[in-house]
Every structure is written in C-alpha cells, then in structure tokens.
Amino acid sequence: MEKYILITGATSGFGRAIAEKFAGGGYHLCITGRREERLLDVKNELEAAYGVRVITSAFDVRDKEAVKAALTELLAQVPHIDILVNNAGLASGLSSIEDGDTDDWDVMIDTNVKGLLYVTRIIAETMKKRCAGHIFNIGSTAGKTVYKNGNVYCATKFAVDALSQSMRIDLLPYGIKVTAVNPGMAETEFALVRFKGDAEKAKSVYNDVTPLAADNIADIIWYCAQLPAHVCINDLTVTCTNQANSFYTVRNADRKLPEVG
Ligand code: NDP
Ligand code: 8X3
C-alpha cells in the first residue's frame with residue numbers, strides 16, 4: 001500500500017529534512033508551511049529526485065479555520081495519512097519574564113501549542129477510523145529542562161511533552177503510535193527566527209559547538225517510523241555531544257583533551 005506522511009513546517013530545518021528522508025524512502029508527501037514559494041520549490045525538487053507525489057498546502061497553523069479548510073482540501077486528495085509530524089514551531093525572543101514581549105508570547109503559544117492541537121484534532125480523527133497511524137511531536141530539550149530567559153518557549157515545549165503523553169493514552173485503543181522527539185540545539189533557521197533576522201546573534205548560539213543538523217533528526221524519525229507495528233519509541237531526547245540538556249553546554253575550547261603517553 002502507498003504511504004503518505006504529513007509534515008507541518010516543511011519549508012526549512014527539520015521539516016524540510018524529514019520531507020527529503022521520507023521521499024527517499026518512497027513515501028508520498030503532504031507538506032505545509034506559510035511560505036508557499038518554498039513549498040513549491042521543495043515539491044519540484046523532491047518529485048524530480050524521487051518520483052513521489054508531493055502535495056503542498058500553505059496555511060498558518062495558528063488560524064483554526066484556515067487549518068480546517070486546508071486539511072479538508074488536502075485529505076480529499078490522498079487515500080490516508082500514515083504519519084503526521086507536528087513540527088511547525090518557533091521561539092520568538094529570549095527575555096526575562098518581566099521584559100517579555102506579550103506579542104512574542106502569543107505567537108509561541110498559538111503556534112507551538114494551539115497550532116499543534118488544531119492539526120492533530122483533524123488528522124488523529126482520520127487515523128482513528130483506520131485504527132492505524134503514527135504521530136511524531138517535535139518537542140525540545142526546552143520541554144524537559146528550563147533555561148534562563150526561555151520561560152514561555154520552554155512552557156510551550158513542556159506543554160508539547162504533556163500533550164504527547166496524553167494523546168498516547170487517548171489513542172492507545174486504536175493502535176496509533178505517538179513518538180515525542182525532543183532535540184537540543186540544532187542549526188536550522190530556528191535561531192534566526194528567534195532573534196528576528198539578526199544573523200550574527202543567531203550564529204553566536206552555535207559558537208564553538210557542533211550542533212545537531214536537521215538530517216540527524218530526520219534519520220531518527222525515519223528509524224522510529226520503520227519499527228515493527230507492535231514497537232513504539234515513546235520519547236526521545238537527542239542532543240549534540242556538547243550538550244547534556246538545555247542548561248548545560250560545553251564549548252569545544254573547554255573540553256578535556258585525551259591524556260597522551
Ligand atoms: P525552522 O525555523 O528552520 O523551521 C520552522 C518551520 O515551522 C518552518 O517550516 C516554518 O514555516 C514553520 N512554521 C513556523 N510558524 C508557523 C506557522 N505559524 N504556521 C505554519 N508553519 C509555521 O526551525 P526548526 O526546523 O529548528 O524548527 C522545527 C521545530 O523544531 C520547532 O517546533 C522548534 O521549536 C523545534 N526545535 C528546534 C530546535 C533547534 O535548535 N533548531 C531544537 C528543538 C526543537 P513557515 O515560516 O514557512 O511558515
Ligand atoms: C530549541 C533549542 O536550546 O533553544 O528548542 O531550547 S533551545
């Protein structure tokens with residue numbers, strides 16, 4: 001049977017890499033994001049490279065009615081969705097709680113929590129009817145351990161963690177798998193978005209560390225998705241070797257050197 005994966009936020013970073021990995025594995029893709037041109041570029045590139053179907057749908061996950069309309073239209077074009085990757089998300093700003101921009105807070109909560117819920121509500125219902133499916137929720141190390149000035153971003157990712165645990169219970173009778181993937185620092189457009197286009201500031205986040213690459217997360221999701229039907233990896237926390245969690249990071253210059261002799 002032909003397999004379909006729906007990936008939110010496939011215009012860059014993890015989502016883009018996951019799209020390529022699964023296209024390479026023969027999956028048909030449904031890719032979403034707000035930047036329609038980028039979606040079309042990804043479609044053209046992956047259809048040509050892998051000969052799979054790529055359906056694009058441009059919408060903002062924060063807009064409940066837009067999500068409903070777009071997914072209804074998308075579902076009419078595919079036989080089913082085997083895998084949903086709830087990846088669309090962002091951090092906006094990095095400020096102490098009393099200095100925070102409340103508009104940034106709204107964007108993060110509306111995207112990372114409510115957007116994930118709106119998409120899941122619709123796709124989980126279709127999976128339930130088939131008693132089959134696999135949902136991946138992209139959380140973060142920030143959803144396991146808080147860090148200075150991370151406040152609202154961390155809270156949204158703690159919420160994703162709670163939702164992953166909770167939906168796993170809700171969907172258990174239907175054989176639907178739920179895997180939470182919690183990456184540490186990864187070099188994508190994430191920092192550029194967080195610092196509102198300040199490329200220098202974004203680059204400094206990865207100064208003297210070797211961060212995760214988007215491909216590393218795509219490989220891990222591929223592995224989880226290929227396990228036998230009775231096996232589900234529930235929760236994964238993945239960091240680069242410079243990080244213990246979102247609080248403790250060692251720069252390469254501070255690493256111990258091997259003893260010689
Ligand atoms: P990118 O900025 O590279 O990608 C984010 C994706 O989310 C883009 O495709 C963007 O598409 C989409 N997106 C953002 N807001 C919306 C919206 N309102 N509606 C629809 N799509 C949206 O970052 P990453 O790939 O790093 O981020 C992906 C996920 O991984 C996020 O949930 C992030 O929190 C999480 N994460 C990232 C880590 C990192 O260090 N990079 C570590 C841990 C977790 P578009 O702009 O076209 O709408
Ligand atoms: C993104 C990585 O370190 O900003 O979730 O929390 S971090």
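Val 181 stands opposite Leu 236 of strand β7. In this predicted model, local features need pLDDT of at least 70 and side-chain atom pairs count only at pLDDT 80 or more, while totals for chains, interfaces and linings use all residues. Residues are numbered from 1 along each chain as its sequence is written, chains are lettered from A and ligands numbered from 1 in the order in which they are written, and side-chain values use heavy atoms, with hydrogens and water left out.

Strand β6 (residues 177-183) pairs with β7 in the parallel sense over four bridges; pairing requires that DSSP finds at least two bridges between two strands. Helices (H or I, at least four residues) and strands (E, at least two) are DSSP runs, numbered from the N terminus. The open sheet has seven strands with parallel pairing, in the order β3-β2-β1-β4-β5-β6-β7. Its edge strands, β3 (54-58) and β7 (235-238), each pair on one side only. On average, neighbouring strands of the sheet are turned by 15 degrees against each other, direction ignored.

Helix α2 (residues 36-50) lies across β2 (28-33) and β3, and runs at about 175 degrees to β3. Helix α8 (residues 214-225) lies across β4 (83-86), β5 (134-138), β6 and β7, at about 155 degrees to β5. Contact here means heavy atoms within 4.5 Å; axes are lines fitted to C-alpha atoms, for helices over the stretch in contact, and angles run from 0 to 180 degrees between N-to-C directions.

The ring centres of Phe 22 and Trp 222 are 4.9 Å apart and the planes are at 70 degrees, so the pair is edge-to-face. Rings of Phe, Tyr and Trp (its six-membered ring) pair with centres within 6.5 Å; planes under 30 degrees apart count as stacked, over 60 as edge-to-face and the rest as tilted.

Around ligand 2 (heavy atoms within 4 Å) are Ser 140, Ala 142, Tyr 147, Tyr 153, Phe 190 and Arg 194. The table gives polar contacts, pairs of N or O atoms within 3.5 Å.

| Side chain | Distance to an oxygen atom of ligand 2 |
|---|---|
| Ser 140 | 2.5 Å |
| Tyr 153 | 2.6 Å |
| Arg 194 | 3.3 Å |

Taken alone, ligand 2 exposes 240 Å², of which the protein buries 83%; accessible areas come from the Shrake-Rupley method with a 1.4 Å probe.

Technical notes
Polar contact = N/O pair within 3.5 Å; in protein donor to acceptor, adjacent residues only side chain to side chain.
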